[in-house]
Structures are given as structure tokens and as C-alpha cells.
Amino acid sequence: NMLTVAVGKKHRTYAEHVVDLFKKVFGVVAEIYEKPNCFNVTLCSKNAVDFVNSIGLKKGNTFKEKVIPDIIWKSPPAYRCAFIRGLFDTDGYVVNHVGFSCYNKKLADDVQIMLSEMGILSNLKTLKNGKGKKDDQKYINVVKIKGIWAENKFYNRIGFVLNYKQELLKKLLDRKFCRSSGMELPYIQRQLIMWAKSVGITTYN
């Protein structure tokens, strides 16, 4: 009757954030255990285990089985944003774009759909995951948020709890908006047409 969340060794503050979340939701204080490559945040609570099972999160190593639970799909927008924020905090990244990667294609599909419902456009690709990987890890699914306007909406509506990722996203947007200050009208027109089609509006070129 135990829940464990693994957090990267560089992110002790995020591990403490998870402890706070467990305390607020379940009323029980979790423990942080330092491992060679990570921090394990462990919560000993039968009620917590029963709850996560009841909403569709399975026991064990579930990286190939994770999906967005039905209860999240039925939740208000603020809860869905918080759920997506948690996914991007753990498996999201910021480089020259904002993205999310996972082994489970169904989870990647779910993330793309939920982002779309929030008005955030994205692309989804399945890529080879390099050599020497296990059979169930040979391919990885990547959801890439599409364009500066979608990234800006992600920043304002979802964002990251992890400060360094939020700062990277802010710097990325600052650079892109600076470069796009002389943006040509055809580019803006294409973005508007893409948005209109995503919400079912008929456009005429």
C-alpha cells in the first residue's frame, strides 16, 4: 500500500512539491529517499493507493499503459490544465520548441487531443529511440506544440511548476516574439486559418 514518485536528482524542490501535493490531497506526509540517480517520494497510504486505482491508474511499472483517466476528461478546465502541467513537468521539455515524449502512443494521442481542446495546436510523431533499447522502448512518441502562438497559450494557460522549465519557455517566447516583430501578414493568415480549421470554422482562401 505504497505510492512512489521518482524525481530527477537535480530537482529536490520538485520532490518537495510532490510531498506537499500528497499532504493536501491525502492528508499524509510522504518521505523523500535519496537514490543514486533520483529522489523517491514515497507515500504509505492504503487510501491513496485505492484512490489512484479507482480512477484508472494501475499498479506497477505503467509507462506503457498510462493514459489520461476518464475522471480527468470529465473534469473542469482548470483540473485538465493541472493534469497536463504535471505530465509536462515530468516528461516535457523546452528546446527550440515545447514538447512532450512518452513510450505509450495512446497517452501521446490523449495529450494531443486535450491540448487541442484547450486551443493549443501540436504535431505528433513516432520516432526511433536509438540503439540498444528494450523492445518496448525502441520507439518514442513526441507531441510538439506547434508555433509561437500555441506555445504562448501553453505558457499562459498551463506552464510548468519546475522553475527552470518555465524560465526556458519564457526565454524561448521572448526570442521568438523578438524575431517575429516584423512578421509578414501571410504567416499570420496561415496561423489564423489553421486555428479556424482546428475549431471547425470553414475558411475561404
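Author: What follows goes from strand pairing to strand order, and then to the helices. Please keep in mind that this is a predicted model.

Reader: How do strands of a sheet pair, and in which sense do strand 1 and strand 3 pair here?

Author: Strands of a sheet pair through backbone hydrogen bonds, either parallel or antiparallel. In this model, strand 1 (residues 2-8) pairs with strand 3 in the antiparallel sense over 7 bridges, and strand 2 (residues 31-34) pairs with strand 3, also in the antiparallel sense, over 4 bridges. Strand 2 and strand 3 form a hairpin, with 3 residues between them.

Reader: What is the order of the strands, and which are the edge strands?

Author: The 3 strands form an open sheet in the order 1-3-2, with antiparallel pairing; strand 1 and strand 2 are the edge strands, each pairing on one side only. Neighbouring strands of this sheet are turned by 25 degrees against each other on average, direction ignored.

Reader: Is strand 3 mostly covered or mostly exposed?

Author: Strand 3 (residues 38-44) is mostly covered, as 6 of its 7 residues are buried.

Reader: Where do the helices lie?

Author: Helix 1 (residues 12-26) lies across strand 1, strand 2 and strand 3, and runs at about 10 degrees to strand 3. Helix 2 (residues 46-54) packs on the sheet as well, touching strand 1 and strand 3, with a direction that makes about 80 degrees with that of strand 1.

Key
Residues numbered from 1 in each chain as written. Predicted model: local features only at pLDDT ≥ 70, side-chain atom pairs only at ≥ 80, totals over all residues. Heavy atoms only, no water. Buried < 20%, exposed > 50% of the residue type's maximum accessible area, 1.4 Å probe, protein only. Helix = DSSP H or I, 4+ residues; strand = E, 2+ residues; numbered from the N terminus. Pairing = 2+ DSSP bridges. Axes fitted to C-alpha atoms, helices over the stretch in contact; angles between N-to-C directions. Contact = heavy atoms within 4.5 Å.
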